[in-house]
Amino acid sequence: MKKIEWPEKTKGLLLLLLLLFVIAAFLLKEEPAYTLTTEEAREPEALGAFDAEADETGSEAAEGSEASGTEVWGTAPSGTKEETAGGSKVSPQETISLLTEDEQKQLQKEALEAAEYCRELYKDIRATEMESEGENNTFLLTREQQTAITARLGELGLVSAADNINMVNYEKVEEFYAAYQEGKDALITIFYVDPEGGMSALTFVYRKGGLQTHFTAIGWDEGGTPGIRGSGTNNLKEMKLTGKGYLIYTNEEVVAHGNLREYFRVKPLSGECRKLTETYVSGLSYVDYKLLVTDWNSSNVEEILTPGLFEDLYRIYYGENVKPEKDRIPADIYEEVMTACLPVTPEQLRQHCGYEESSRSYPYERLLPRQYPPFGEVVDYTRNADGTITLIVDGVWPDYNSDCAFTNRLLVQPQKDGSFRYLSNSIEEKELEIPVSD
């Protein structure tokens with residue numbers, strides 16, 4: 001390509017004009033107003049998964065279980081308008097609510113009235129406990145208290161839910177979903193009783209083809225008076241009520257480290273299935289080891305003897321978290337837990353689990369949190385003549401829109417002292433592929 005040659009006089013004129021332009025721009029420059037960056041605009045964090053069903057979680061609640069990661073509905077989701085007790089704060093990307101201002105105020109009024117109706121049941125909770133630092137993981141409400149509060153809300157005809165407790169007045173949610181599927185305008189509010197002492201009202205709105213949630217978070221002021229802690233609106237991308245009764249919905253914006261989908265268990269689960277889930281299944285992982293994702297029994301139990309299994313079995317056996325000594329577990333403790341919970345011998349453990357003779361100990365492998373894990377729930381069971389129980393366990397994977405990703409047949413043997421042993425497992429793919437454990 002031929003190079004363009006500028007005449008010398010033209011070069012000088014251009015340089016002079018360029019210099020004058022730079023000087024003028026500098027003199028006229030004004031300090032711009034500060035603008036939120038994309039990441040800053042996403043604050044505060046979005047809602048976590050609220051599991052009205054199991055716990056089971058832990059979610060917690062323990063990781064790898066259903067209720068894990070449950071958060072109070074006091075924080076506004078990304079892209080919402082958040083109102084606080086001290087005034088209002090509007091996100092740079094404000095979500096325009098499908099509800100009118102009057103309707104939003106009415107929802108807040110109804111939430112406060114509902115909380116006031118339950119005030120007596122919260123009388124033992126101190127506001128200072130709920131609001132002080134370091135109390136976020138402290139459960140101030142017992143299962144019995146949560147059950148009483150959801151029942152009290154149900155007396156008002158409200159839909160109410162709490163962890164590992166059947167939803168009260170769940171039929172209203174089914175009616176709302178039916179209207180949504182028919183394209184009819186509808187709304188429903190679900191009250192969630194948080195084990196940490198708060199109460200939240202999440203309203204699902206379908207109107208003019210748009211789908212949103214509007215939340216109101218309730219806390220307790222000094223003297224036990226309920227007060228608004230926050231409110232906001234979030235657009236939903238999709239919503240599904242599964243055959244088993246899980247309401248699974250997807251926020252339009254999913255924040256980093258957030259859940260892909262949120263969910264409630266709407267249809268009730270039998271009390272016995274809930275009890276069996278809590279006793280034998282909650283706290284077991286589908287992704288950290290092979291106990292639930294491999295077909296095994298006493299003849300090939302060595303295949304599931306991976307180091308990560310010990311941590312969860314220890315918690316199930318002792319009811320507390322393990323405290324390793326310099327990343328080692330004394331052999332007597334390790335072998336007591338593993339032989340009590342599985343059909344294995346100390347010799348098998350020493351051969352497959354990294355036993356060290358010099359220290360008479362086993363290596364401790366800490367389980368790291370996994371994003372979007374499935375959890376199991378007992379949906380049926382058989383009490384066998386020999387005293388064992390065959391549990392039919394569905395793997396629920398809300399983040400992949402499934403309430404029956406796979407089904408386990410887990411055989412357990414209860415002991416007279418309250419402990420139990422897992423004897424075998426088989427798993428069948430249903431809606432999703434079985435996770436591959438490391």
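## Overall make-up

What percentage of the 438 residues in the protein do buried residues make up? Buried residues account for 49%. The model is predicted.

The protein contains ten helices and 16 strands.

Strands of a sheet pair through backbone hydrogen bonds, either parallel or antiparallel. Here, four strands form an open sheet in the order 13-14-15-16, with antiparallel pairing. Strand 13 (375–383) and strand 16 (420–429) are the edge strands, each pairing on one side only. From one strand to the next, the twist averages 25 degrees.

Strand 13 and strand 14 (residues 389–397) run antiparallel and are joined by eight bridges. Val378 stands opposite Val393, a residue of strand 14.

## Helix 7 on the sheet

Which strands does helix 7 touch as it packs on the sheet? Helix 7 touches strand 13, strand 14, strand 15 (402–414) and strand 16. The direction of helix 7 makes about 115 degrees with that of strand 13.

Helix 7 spans 271–281, and helix 8 spans 309–318. Asn300 lies in the loop between them.

Is Asn300 buried or exposed? Asn300 counts as buried because its relative accessibility is 18%, and the cut-off for buried is under 20%. The side chain of Asn300 also has a polar atom 3.2 Å from the backbone oxygen of Asp295.

Key:
Residues numbered from 1 in each chain as written. Predicted model: local features only at pLDDT ≥ 70, side-chain atom pairs only at ≥ 80, totals over all residues. Heavy atoms only, no water. Helix = DSSP H or I, 4+ residues; strand = E, 2+ residues; numbered from the N terminus. Buried < 20%, exposed > 50% of the residue type's maximum accessible area, 1.4 Å probe, protein only. Polar contact = N/O pair within 3.5 Å; in protein donor to acceptor, adjacent residues only side chain to side chain. Pairing = 2+ DSSP bridges. Axes fitted to C-alpha atoms, helices over the stretch in contact; angles between N-to-C directions. Contact = heavy atoms within 4.5 Å.
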